[in-house]
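Me: Please take a close look at one part of this model, the β-hairpin and the charged pairs that go with it. I would like the pairing, the turn and the salt bridges in one connected account.

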Amino acid sequence: MTSTAATAAVLVDGGYELAEGGRWADGRYVYVDILSGRLFELPGTAGAVPRQLARLDVPLGAVAPVAGRPGAWIAAAGTGIALLTDDGAPQWLDRPEDRNPVPSRMNDGVADPAGRFWAGSMAYDATPGAGSLYRTDPDGTVVRVLDGLTIANGPAFTADGTTLYFADTAVGTVLRCRVDPVSGDLTGGPETFARLGEGEGGPDGMAVDVEGCLWVALWGAGAVRRYHPDGRVLETVTVPAPNPTSVCLRPDDHRLLVTTARYGVRRPTAASGAVLALPAPVRGTAACSWGPQG
């Protein structure tokens, strides 16, 4: 394992409370500020500034583009899953967390290569076991896949869509599931891929690079970690903010984009609640779209 302290550039000094869900989509970087319900895009050109695409009156956990509908997004928001149209108005597919006896919200989410959208949930007070993992099929059906989680976070898929990684941040574990790419069903129960120890932070947003390795933002530890598919830690990169929340590897150059949070930071700096850019040894892939694939 190598540890590096690469120089991080503050790409967007937004002062976001809880920036999250960074993805590369259609030649641009998109991310959310969860608690304020805002969606942003950052064009991939030098000197670009972020532009707000939508603002909801509920927390916005993550989005994925909708196949064949430029400007439309599927979103993990509030207590469920919604489609965001060009004007940003939500069209709700389902609100399963309305049926949770514990006040809860949706959290991070990602689309898989087959056009399904996977998203986790959590209780506002992080009640143990109150969170779930959901799958939204291309026809709009929302299915609860797993329950008994606490803070379901950071789903990420391998390029062939057969392996799903996700985190339970509160208990410090990264889990791995095998997925039937045709049906979307789990072909076996989740196995523990990595378990973080005391002082290593909590696993948050994740991404798989072109070599099949998993990158994980470590909330509370000011670091990002890269894992080999066999579970070995290959590299740990420190970042100048204690609460990194998501990672995105650009597919067109060797840069790692990291969202961070001011939430929970006693003495925030310019890097807390910002989007950071760091050099990376490998490229990533563009975000997959939700919906029927052409």
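Reply: What follows starts with the hairpin and then turns to the salt bridges.

This is a predicted model, in which local features need pLDDT of at least 70 and side-chain atom pairs count only at pLDDT 80 or more, while totals for chains, interfaces and linings use all residues. Residues are numbered from 1 along each chain as its sequence is written, and side-chain values use heavy atoms, with hydrogens and water left out.

Strand β21 covers residues 223–227 and strand β22 residues 233–238; strands here are DSSP runs of E with at least two residues, numbered from the N terminus. The two pair in the antiparallel sense over 5 bridges, where pairing requires that DSSP finds at least two bridges between the strands. Ala223 stands opposite Thr238 of β22. Between β21 and β22 lie 5 residues, which complete a hairpin. In its turn, Gly231 has a positive phi of about 100 degrees.

Arg226 forms a salt bridge with Glu211, at 2.8 Å from N to O; the term means a side-chain nitrogen of Lys or Arg within 4 Å of a carboxyl oxygen of Asp or Glu. Because Arg226 lies in strand β21 and Glu211 in the loop between β19 (202–208) and β20 (214–219), the pair ties together parts that are 15 residues apart in sequence. Arg226 is buried at 9% relative accessibility, whereas Glu211 is exposed at 53%. Buried means under 20% relative accessible area, exposed over 50%, and partly exposed in between, with a 1.4 Å probe and protein chains only.

The structure holds 17 salt bridges, and some others can be set beside this one. Arg51 forms a salt bridge with Glu41, with the closest N and O atoms 2.9 Å apart. That pair links distant parts of the chain, 10 residues apart: Arg51 belongs to strand β6 (residues 51–55) and Glu41 to strand β5 (residues 38–43). Here Glu41 is buried, at 10% relative accessible area, and Arg51 is partly exposed, at 47%.

Asp253 and Arg250 also form a salt bridge, their closest N and O atoms being 3.4 Å apart. Arg250 counts as buried at 6% relative accessibility, and Asp253 as partly exposed at 21%. Elsewhere, salt bridges with shared partners join Asp112, Arg116, Arg135, Asp137 and Asp185 into one network.

Note on methods. Helix = DSSP H or I, 4+ residues; strand = E, 2+ residues; numbered from the N terminus.
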